[in-house]
Amino acid sequence: MRDRLALYNDNRLKLGLFGANCSSGRAVTMVPERWTGSWPDNLRLAQMADEAGIDFMLPIGRWKGYGGDTDYQGATLETVTWASGLLAKTKRMTVFGTVHAPLFHPVIAAKEFVTADHIGEGRFGLNVVCGWNEGEFDMFGATMREHEQRYEYAEEWLTVVKLAWTRPEQFDFDGRYLKLKGIRAKPKPYGGTRPLIMNAGASPTGQAFAIRNCDALFMNVRRGGLAETATRIREVQAEARGNGRELGVFTVGVITCKPTQKAAEEYYRHCIVEHADWAAVDSILAMKDIRPEAHSAEEFARIRNHQANGMGGLPIVGDPDTIAHELGTLTQAGLTGIGVSFVNYAEELPYFCAEVLPRLQRMGLREKVGA
Ligand SMILES: Cc1cc2nc3c(=O)[nH]c(=O)nc-3n(C[C@H](O)[C@H](O)[C@H](O)COP(=O)(O)O)c2cc1C
């Protein structure tokens with residue numbers, strides 16, 4: 001299990017791709033080269049990333065586009081079936097499914113995860129999410145619970161999934177929300193282990209859920225806030241150890257990597273400022289109840305730009321030296337890894353791998369591929 005939790009390598013900085021199962025990925029832009037999110041593009045990307053030694057792919061569980069001129073994230077591949085397909089066609093990387101606990105029955109979900117895990121021979125991972133967007137739940141005729149209860153429900157849900165993965169005999173479950181009888185679940189996950197489990201709760205309740213139940217927590221970090229992040233990482237890891245578990249802490253970022261700093265900044269401006277899908281950005285902000293009247297004009301402009309580029313992930317813009325240096329500072333702060341996105345993942349990944357990965361190897365943060 002330890003090898004599995006380390007994603008089967010000794011990389012001190014784990015690198016993954018985040019959001020490729022959705023049209024436009026994480027860049028709310030109108031540029032024509034924006035990411036399609038189609039299956040052929042995802043497959044091509046995953047195989048390229050797998051060859052280059054990228055550690056994981058993390059999809060977004062998204063059911064409804066955000067509108068705007070591009071219907072941002074309007075076309076999305078369902079994440080467990082997406083993961084199963086990619087696991088069948090890759091050799092090394094861990095592929096996550098991102099699953100809304102309230103929308104998937106836990107007994108069906110547990111079996112889907114086991115199936116994906118057998119296909120990937122122990123490389124499936126689970127991102128449990130509780131949902132935050134009422135419009136999505138309406139599509140299912142489901143009611144979104146009040147915030148604290150969402151995580152109470154998710155804890156029961158995850159307990160059932162874990163029991164289904166481990167209990168050799170038939171069992172009943174009598175919880176507050178779930179009352180299930182005579183559950184039998186075979187086979188068990190691959191190789192006597194179980195999928196790595198992550199969560200990305202930002203609230204104290206969400207993070208406490210991750211500390212109690214998960215192997216990895218994803219949190220947003222701010223540039224200039226790394227000292228604060230380092231303290232927070234130490235705190236959550238100490239709490240997890242108190243619960244008898246090791247917790248990896250990851251973040252998400254958006255990379256614009258070009259041969260010169262100037263070229264990177266120009267491309268960033270071109271995609272994310274001059275050609276942002278501002279109508280989609282404003283619709284996302286409204287869903288999160290972020291309104292112009294509550295902020296100064298300058299602060300609101302900053303929030304809009306931040307949302308346009310990576311939906312709040314850390315923007316990392318520069319030449320390969322700058323990018324490698326910035327990634328290094330994240331490891332120094334204690335982060336286990338980062339899930340990154342690009343405007344067009346498959347077009348931009350080869351340059352990133354050719355230039356940034358060797359620098360990270362020289363910095364002692366990554367192994368040589370195949371080492
Ligand atoms: C890396 C990352 C991935 C996430 N993926 C999803 C997702 O795919 N679907 C979703 O509904 N929410 C997703 N979220 C939202 C979180 O699960 C969580 O609901 C959000 O951070 C708010 O925290 P809270 O639930 O503790 O209030 C993600 C957040 C992050 C930082």
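Trainee: How many residues surround the ligand, and which are the closest?

Mentor: Before the count, note that this is a predicted model: local features need pLDDT of at least 70 and side-chain atom pairs count only at pLDDT 80 or more, while totals for chains, interfaces and linings use all residues. Residues are numbered from 1 along each chain as its sequence is written, and side-chain values use heavy atoms, with hydrogens and water left out. The ligand is surrounded by 17 residues, where a residue is near a molecule if one of its heavy atoms lies within 4 Å of it. Gly61, His147, Tyr151, Ala200 and Ser203 are the closest.

Trainee: Which polar side-chain atom lies 2.5 Å from an oxygen atom of the ligand?

Mentor: That one belongs to Ser203. Tyr151 also has a polar side-chain atom 2.6 Å from a ligand oxygen, and a polar backbone atom of Ala200 is 2.8 Å from a ligand oxygen. A polar contact here is a pair of N or O atoms within 3.5 Å. The protein covers 85% of the 620 Å² of accessible area that the ligand has on its own, by the Shrake-Rupley method with a 1.4 Å probe.

Trainee: Which elements supply at least two residues of that shell?

Mentor: β3 (94–100), β4 (124–129) and α6 (147–166) each do. Helices (H or I, at least four residues) and strands (E, at least two) are DSSP runs, numbered from the N terminus.

Trainee: And how does the shell divide by class?

Mentor: There are 9 nonpolar, 8 polar and no charged residues. Ala, Val, Leu, Ile, Met, Phe, Trp, Tyr, Cys and Pro count as nonpolar, Asp, Glu, Lys and Arg as charged, and the others, Gly among them, as polar.

Trainee: Which pocket does the ligand take?

Mentor: The ligand takes the space of the largest pocket, which holds about 1,500 Å³. On a 1 Å grid over the protein atoms alone, a pocket is an open set of points with protein on both sides within 12 Å along at least five of seven lines, a cavity is a set where a 1.4 Å probe fits but cannot get out, and lining residues have an atom within 4 Å of a point. A molecule sits in one if more than half of its atoms lie within 2 Å of its grid points. Volumes are the space filled by probe spheres set on the points, which are joined across faces, edges and corners.

Trainee: What lines the largest pocket?

Mentor: 48 residues do, with Ala200, Ala202, Asn220, Lys288 and Met311 nearest its centre. α11 gives the largest share, 5 residues. By class, this lining has 23 nonpolar, 17 polar and 8 charged residues.

Trainee: How much space lies in the second largest pocket?

Mentor: About 310 Å³. Its lining has 15 residues, and Leu5, Ala6, Asp215, Glu246 and Gly248 are the closest to its centre.

Trainee: Switching to cavities, how many are there of 30 Å³ or more?

Mentor: The count is 3. The largest cavity has a volume of about 40 Å³ and is lined by Leu7, Phe56, Phe96, Leu196, Ala216, Phe218 and Phe250. That lining divides into 7 nonpolar, no polar and no charged residues.

Trainee: Last topic, the backbone: which peptide bond is cis, with omega near 0 degrees?

Mentor: The bond from Lys186 to Pro187. Pro187 is in the loop between β6 (179–183) and β7.

Technical notes:
A polar contact is a pair of N or O atoms within 3.5 Å; within protein, one must be able to donate a hydrogen and the other to accept it, and residues adjacent in sequence count only if both atoms are side-chain atoms.
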